[in-house]
Amino acid sequence: MNSLQNIAISAAAGSGKTYTLTNRFIYLLHAFEQPERIIALTFTRTAAGEFFHKIIEKLCDAAEDSAEAEKLSKELVITADCARYHHLLHLLINSMHKLNLQTLDSFFFRVVSSFALELGLSGSLKLLDESSESRMRNEVRDSIVHRPGELTTELKEFWHAFKQATYGQEARSIEKVVSEFIEQLYALYLNTPAADRWGHTATIWPQGCPWQTSVAPDWEELANKLLAALPDNLSKAQVNDFNSAASAIRNYGSNEKLNTLLNNALAVASDILAGQATIKVRKEIQLSSALCNALADCLRAIVWHHLKRALENTQGVHRILQAYHDNYDRIVRRPGRLAFADLTHLLAPESAGSPMGEVDPMTRQLMDFRLDGQFDHWLFDEFQDTSRPQWEVVANLIDEIVQDDSGERSFFYVGDTKQCLYLWRNSDDRLFHDIQTRYNASGANRIEQHPLSMSWRSATPILDAVNEVFEDDALIAETFSADAAARWARAWQTHEASPATIDSSGFSCWIEAQKNDSPTRNELILKLLKDLNPIERGMSVGVLVRKNADANEVADYLRENCLLPIHTGSAIKPAVDNAAGAALLALLNLAAHPSDSHAHGYLNLIDVSTDGPALTSATEELRKRLLSDSNESAVRWAAEQITAHLPKDDTRHRERLNRLIDKARAFDSEERRDIDGLIHFLRKCSSGECHAGDAVVIETIHKSKGLEYDVVILVNEDKTSRSETRINPLLDPQGKADWIMEPIKKDLMQADPMLNQLLEQSISQSGFGNLCTLYVAMTRAKRGLYMISDLHRVSKTSTVHFLKERLGSEAQATELFPKANYPVLWRTGDQNWHESFKATVQPTTNSQPPSAPAFDPAHPRLQLARPSNSKAGSLAAARYFDLDEHASIFGTELHDAFEQIEWLEFTKDNNLTLDLFNMGGTSSASSANSKPEDTTEHAEVAPQLLLHKKKTEHFPTEVKSALNSCFKNSEIRTLFTKPETATVVWRERAFSYVEGDQFTNGIFDRVVIHKTEDGTISRAEIIDFKSDRIHPNNTLEQASEHHRPQIEAYRKALSKIVSIDETVIDLKLLFTDVPQLVDL
């Protein structure tokens, strides 16, 4: 690393990817001393945190120990002593506020936030975490599935599409099916939103679909025509075969079964459709023209029978996704909440087809220019998980780096395409190599590839097992596909142990399980755990399975049959992985739904079996606290009630409750008040990772990526060959979708050249993905690897069959532990390795926190305050706690609608229209179309509001009606008419400020700031929209006084933010129910 080169690191599992990245960062820091111009991107916060921690750790060690300084300098090929590393450490710490060590999504969000106006966004932006994104998806789904009556037409269209898309699944949960479609296919919709690419014959077959028929097939007639076309020279056996084929055709509409002759015909379908073919019927025969035509008609009918339904299903799914997208845009994106996928598509340079809207090319160039000027060195971790759309966001920036010959800039990326587990999420292993191919064309050699194959994690027997399984390219091609084998060979390197692990003892084996006899999978896992005794020995153990359902089943079995601590998943789930979290969820559920008998029964069980305050009686108080105080405060109070039932030395459950209090604080920032939302948030949240030595971790293979265990018990049950049934795109070499379709039967797809391309692509993806999954699972092991498989009825394209062919299929009883025999199929290493195992000392994560801090805090903790909570008087809980939530939804939709309005305009015939095309925040002198006097002159006419269809078609009817009613009021129309003086308009603008020990935040609905000719702020108006129902028990005057504290707090905040006196800030409440404008 003695010269500044662009480098691609192809690193095997455990070979030190993070170590290499941190070395690169320190080298760049030493060479340029500009840490703020280095950007390092990865996919998880944990990885980003580990990256920073390792850099600091290396610099600290080198700064205080001359031997460490010499070692690091030798690795970096530089000259540096302790003093130099101390200087670099000082420089890094002083630059911490400018460092760019972050996740890819946080970087994208930072860019979107910086260029929000250029990207057509308004208001404050919030990046949804995994839990919030899931809740938002469900909310959008429910807005479609359970929509009120005003969207009857839309619902009819939706349900027609839904029935097409879920053919044969009518018995399943509507919500579940819709959710699965959204989760699996919405990203595909964002990548390819054009309807003509979803199941349209003209796109798939530009020269015409050879299978399409204009009428429904008459199966009886087709069978008779086939028999009538038979020549006289056929043998009796051949005639019988044709009779069998005719019978199959007659019944095809009901049973969809083919016979051997029809399968043989499909194999040469292109020749039959061309009118000249040879087919095997007992022996090869040349078909006559008449028989060829009759058979062609039969094949067309058979293929079109499936194809028509698949095409309609695909089109139906597109309509579902379109409806979902429109509602998602209204409910989630327009208020400023963005998911990671949104960021990618907002920033994609080629957005002409994007449903997000196209970014002006000049704006895009300006964004790239500013980003290019900010960073000189780009570092990427886990590059194999990068999708092509994500790469396109930064491709222009990297191109500038790679083409720069100054020697002052660099590109460095690390990945292992053998660990590409997210192919289904659009990651692409080939991108890693395509980048090198592009920049190294014609001998340019602008990116050097450095392989890393030495494992610093695993003992030699583990690596021997990995090498034995994955080095046979011919078997990989035979089992999976030639393309999958080529992709694997491109990434494969023989693994070897490092000096740190080469002398470590270890063991690998493959054990046979029985499906319906002993020993079963679960019995073998239990037996291994008892024989290994891992917790007492200080071993970390991961039981790896393919599916979440399997993880739960194994965990339940182990909990019932042993006393070992069992943890499902490495991530800590504080609400669901312990009894105290379950009690808190039960308390919240009972507070939200007093008739929840399950929650009541669970709390009652705790009350009668432990000492402490009655939890079943605490729900009324908890409900009041949730409705009147912050969620954090209410959850803290509930946690105290639960803690009173815990033993004094129970630190684990106290620690979990503290994590949930922290999560409730995070939920407060989302500005939501419904209890169900809080419950969903807490149930889905995760917080840190379980220390591997504290429990046996049952984890899916996908979630185990990046982790390591002393012992891995791998349950490999990939025995079946599953045909792809999900809608899939046919991708071009750049990863773009040519067209999208739901697959049909494999033999039917093979009969068509276009459909066969999709089939072969799917087979390659599936085979390569299965190889990656097996590789990731095996390479998590450090010392012991115990693989378990059931060999009964194994498909020839499965990884279990692959292992049978590679390792053998005859089990032998082997004593792996004293007096403990196992049916072992294959083994290598020292089976007694565990006897010499010495645990690595790790700090405990469940220690009791100190009762008081060891130092005085620098300042008192700020108390969160919200103007929206500062309302005068008291209301009945029922006024707040509306489980129907219709009023809440209406209020949110109405705010969304007002947010889209900057100013009203008048058309030439003096009708009102909304200036929704001007999304900017700054306005100057008014145009000729927006005169205040026009508003007054036509006040009595009260014209109907004309809404721009493109921008307002998503508004519900109720919201449109409310807007029209409001703008019939002359005062409200005047308020929304553009003044002749210069103004700035804020819409749904979030704010926060600190005063004393109070941290105040909130959201302005609408602020109009008036300026003088020299740009000085002269005055301002705060307009707050209220959808309160006005009636005799809640008059306009009462409602106004109720909201006065909130709006006056807004005035105080605006005064501080723009530095003007409170006396020049006017306060206005716009009540939409009446509608009337009230000056405070």
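Analyst: A residue counts as buried when its relative accessible area is under 20%, and as exposed when that area is over 50%. The model is predicted.

User: Is Asp1024 buried or exposed, and what is its relative accessibility?
Analyst: Asp1024 forms a salt bridge with Lys1026, with the closest N and O atoms 2.7 Å apart. Lys1026 is buried, at a relative accessible area of 7%. The cut-off for burial is under 20%. Asp1024 therefore counts as buried, and its relative accessibility is 2%.

User: How many residues apart are Asp428 and Arg388, which meet in a salt bridge?
Analyst: The side chains of Asp428 and Arg388 come to 2.7 Å, N to O. Asp428 is in the loop between β9 (410-415) and α19 (429-439), whereas Arg388 is in helix α18 (residues 388-402). Asp428 is buried at 11% relative accessible area, and Arg388 also counts as buried, at 12%. The pair links distant parts of the chain, and the separation is 40 residues.

User: Where does the salt-bridge partner of Lys719 lie?
Analyst: Lys719 meets Asp790 through their side chains, at 2.7 Å from N to O. Both Lys719 and Asp790 are buried. Lys719 sits in the loop between β17 (709-715) and β18 (728-731), 71 residues from its partner, and Asp790 lies in strand β20 (residues 781-790).

User: Is Glu64 buried or exposed?
Analyst: Glu64 belongs to helix α2 (residues 45-64). Together with Asp61, Asp65 and Glu68, Glu64 gathers in a patch of negative charge on the surface. The cut-off for an exposed residue is over 50%. At a relative accessible area of 67%, Glu64 is therefore exposed.

User: How far apart in space are His30 and Ile78?
Analyst: His30 is in helix α1 (residues 17-32) and counts as buried, with 18% relative accessibility. In sequence, His30 and Ile78 are 48 residues apart. From C-alpha to C-alpha, the distance between them is 8.7 Å.

User: How many residues of helix α20 are buried?
Analyst: Helix α20 covers residues 460-470 and is mostly covered. Its buried residues include Ile462, Leu463, Val466 and Phe470. Asn467 is also among them. Of the eleven residues in α20, the number buried is eight.

User: Which residue in the hairpin of β18 and β19 takes a positive phi?
Analyst: β18 and strand β19 (residues 737-741) pair in the antiparallel sense over four bridges. Asn728 stands opposite Met741 in β19. The hairpin has five residues between the strands, and the one with a positive phi near 85° is Gly735.

User: What is the phi of Lys819?
Analyst: Strand β21 (residues 812-817) is joined to β22 by five bridges, and the two run antiparallel. Glu815 stands opposite Asn821 in β22. The hairpin of β21 and β22 has two residues between the strands, and Lys819, in the turn, has a positive phi of about 60°.

User: Which residue of β22 stands opposite Ile511?
Analyst: Strand β13 (residues 507-513) pairs with strand β22 (residues 820-829) over five bridges, in the antiparallel sense. The residue of β22 that stands opposite Ile511 is Val824.

How values were computed: Residues numbered from 1 in each chain as written. Predicted model: local features only at pLDDT ≥ 70, side-chain atom pairs only at ≥ 80, totals over all residues. Heavy atoms only, no water. Patch = residues over 30% accessible without salt bridge, like charges linked within 9 Å, V, L, I, M, F, W, Y side chains within 5 Å. Areas by Shrake-Rupley, 256 points an atom, 1.4 Å probe, with all protein chains shown as cover. Salt bridge = Lys/Arg side-chain N within 4 Å of Asp/Glu carboxyl O. Lys, Arg positive; Asp, Glu negative; His and termini not counted. Charge placed at Lys NZ, Arg CZ, Asp CG, Glu CD. Buried < 20%, exposed > 50% of the residue type's maximum accessible area, 1.4 Å probe, protein only. Pairing = 2+ DSSP bridges.
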